[in-house]
Amino acid sequence: MENPSRTIPQLPTQPWPFVLHFLRSFKWLIGLMASMEIAQKACQILIPYSFKEILDGAVAFDGPKDQLFDYLNGPLSFFAWMCLGILVFSRASGALLVYFGPRLRKMTREKIYHYLQYQSHRYFISNFSGSLANRINEVSMGVNHGLWTVMFDFLPVAVSFCVTLFLLYSANSGLALFLAFWVFVYVSISFLLATRCQKYSRTFAAERSRTTGHIVDAVTNVMNTKLFARLPFERHRLNKQLDVEVEKATETMWFFEKMRWFQFIAGLILQLGTIVYALVLFRDGAISVGSFAMVATLSLVIIDDSRGLSRRFLEFFEYMGNISDGVKILVKPHEIQDMENAKDLVAKDGALEFKDVCFSYAEGKSVFENLNVKIKPGEKVGLVGFSGSGKTTFVNLILRLFDIQEGQISIDDQNIQTHTQDSLRSSISMIPQDPVLFHRTLLENIRYGNPSATDEQVKEAARMAHAHDFILETEDGYQSLVGERGVKLSGGQRQRVAISRAILKDAPLLVMDEATSSLDSITEKAIQNTLDTIMKDKTVIVVAHRLSTISHLDRILVFNEGRIIEDGSHETLLKENGHYARLWSMQAGGFLPSRDTESTETQTPSNPRPTL
Ligand SMILES: Nc1ncnc2c1ncn2[C@@H]1O[C@H](COP(=O)(O)OP(=O)(O)OP(=O)(O)O)[C@@H](O)[C@H]1O
Ligand SMILES: [Mg+2]
């Protein structure tokens, strides 16, 4: 099995290096595209210059009329070449964009998803999956759009300013100075306005996502809304949030309006200033009529180019902000990693050992303290105990979904922490407490246990798990889609699909965490026979509240507040007359009580208090 630590992409955790990491792979294409954009903009801005040459030539021409075009051949060709340049360079840049834009986006998503896959179980239970998917989207859009803003907005404006300055300088240095001053003031104020606007647009964005959150929460809980007849209440609640959003939107849009006022006034000053100034220069004979026309046209081009610069800055900040937020969440260091030279774990016999294991989910609240337990190869072990006593945690630790703080867990004398996670999990078939299915067909869901299984093998596994019949009754049989997380199936049906999947996986260790808890007793009994067959030659751990599910197993471990308080076969434990015996006598083939009744219990198992 391939050691994934060698293939996991190393992603920078700071936004700028993160963006550059992705752009570096396309540096030649980006360079080519930037050259096209510069060339295109230069051609565009040289058109007023060609007008000047044509106009000055036409004014100076005093030969026969039919020779005017010959006389103007140079400036006219220049004009034609510039027009052609705009066309060729802009479309070449467009073609590069078509090729490279989607590939850049694919690459960012692919790498982020690849990195995300190796985040820990704790990471995924602490972050909403919808929000993670959204962040991947926003980050990849941010990388693309950020680049486009630089390439198609900032770069052309910079080229435009530079070429215009050069042209104006060639006509008159005073005009060039005037423009340089204007550009400096305009860009600085635009930047400042964008910085100030950030706080408005951020609160507006935060309110927008809060509204989305409100709607998602309300829609997810629509059943509750209906059951409690609280439809108007929910509308009112959403309305209150929408009002806040309107308020923030108005503030932000007012700020945009202010930015537009600034742009219009600055544009007007530039236009009037250059025209009056150029007119004065023309009157004094300092510039030609052609130069006058060029100055007037250039000022229009500059105003056009620089319009919305504040908005562009703001958008750019937003993209970088999204990337920075996304990177903080998505590119967190992996909590559980394979060691540098981790070998594959080989589970031949399936012996399992917990040695002085200490574990807590959060500091100060430990679940296990120095837990010791040895499970022999092929042993079938049942785990019982009150809710919250640590059974699922025990199972999760075997699968290394969390790393222990002290001690060692080993399978066939191989420390699970020093071997690859993939090889460990391939050695264990797990049927979780609440199985979740992919929104894919039933066939695909079952085959997940063994991708090379034939359709017939999939059906056989389903038959063994008593899932075949209900699958045939669904609309499209094995091709039926199961809905998000498998919601279109009942809890018991989902469990049977999960069992079929585990049967196909056929790993040497089998772990079942309340795997049959949602089944009715008759179906459970029927499946039990199948499970007994597949348990053969495997080490098995079965967590169950229903004691009849585990009473026939080789050994039973009774958990209480993270400790194993009793350990032995059903008969031995009954003889011991302890906790297990009390629970056994209390349940009439039913479940454990939902809380520890030890303190209220009389010590005589024959006379338990009826707490069920
Ligand atoms: N992801 C988690 N983060 C923090 N604490 C957790 C987490 N999962 C479980 N716990 C806590 O760890 C303790 C043991 O929980 P665990 O799920 O192992 O119990 P359990 O025996 O499987 O219970 P049940 O029978 O209800 O499934 C509980 O106090 C629980 O609140
Ligand atoms: Mg549990």
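How many bridges join E1 to strand E4, and in which sense do the two run? In this predicted model, there are 5 bridges between E1 and E4, the latter spanning residues 406-411, and the strands run antiparallel. I shall begin with the sheet to which they belong.

Let me now go through the pairings. E1, residues 352-362, is joined by 7 bridges to E2, residues 365-375, and these strands run antiparallel. Within that pairing, Leu352 has Ile375 of E2 as its bridge partner. The hairpin of E1 and E2 has 2 residues between the strands, and there Gly364 takes a positive phi near 90°. On the E4 side, Glu353 stands opposite Ser410. Ser410 in turn has a bridge partner in E5, namely Asn415. E4 and E5 pair in the antiparallel sense over 2 bridges.

The loop between E4 and E5, the latter being residues 414-415, contains Asp413. Asp413 is not a glycine, yet its phi is positive, at about 60°. Is Asp413 buried or exposed? Asp413 is exposed, because 8 other C-beta atoms lie within 10 Å. Asp537 lies in the loop between helix H18 (521-535) and strand E8 (539-543). With 10 other C-beta atoms within 10 Å, Asp537 is therefore exposed.

I turn next to the ligand. Which helix gives the most residues to the shell around ligand 1? That helix is H12, residues 391-398, with 3 residues. The residues around ligand 1 include Lys391, Thr392 and Thr393, together with Gly385, Ser387, Gly388, Ser389 and Gly390. Tyr361, Val367, Ile125 and Gln433 are also among them. By class, the shell divides into 3 nonpolar, 8 polar and 1 charged.

A parallel pairing is found elsewhere in the chain. Strand E6, residues 428-431, pairs with strand E7, residues 509-513, in the parallel sense over 4 bridges. The bridge partner of Ile431 in E7 is Met512. From E6, Ile428 and Met430 point one way, Ser429 and Ile431 point the other way, and all are buried.

Consider also Ile556, which has its place in strand E9, residues 555-560. Ile556 is buried because 24 other C-beta atoms lie within 10 Å. Leaving aside neighbours within four places in sequence, the contacts of Ile556 include Gly382, Val384, Ile550 and Gly568. Ser569, His570, Leu573 and Tyr580 are likewise in contact with Ile556. By contrast, the C-alpha atoms of Ile556 and Ala229 are separated by 47 Å, and these residues are 327 apart along the chain.

Finally, the overall division. The chain is divided into domain 1, covering 11-330, and domain 2, covering 436-506. How far apart do the C-alpha centres of domain 1 and domain 2 lie? The two centres lie 51 Å apart.

How values were computed:
Residues numbered from 1 in each chain as written. Chains lettered and ligands numbered in written order. Predicted model: local features only at pLDDT ≥ 70, side-chain atom pairs only at ≥ 80, totals over all residues. Pairing = 2+ DSSP bridges. Domains from an automatic or database assignment. Buried ≥ 20, exposed ≤ 12 C-beta atoms within 10 Å, placed from the backbone. Contact = placed C-beta atoms within 7 Å. Near = placed C-beta within 6 Å. Nonpolar A, V, L, I, M, F, W, Y, C, P; charged D, E, K, R; others polar.
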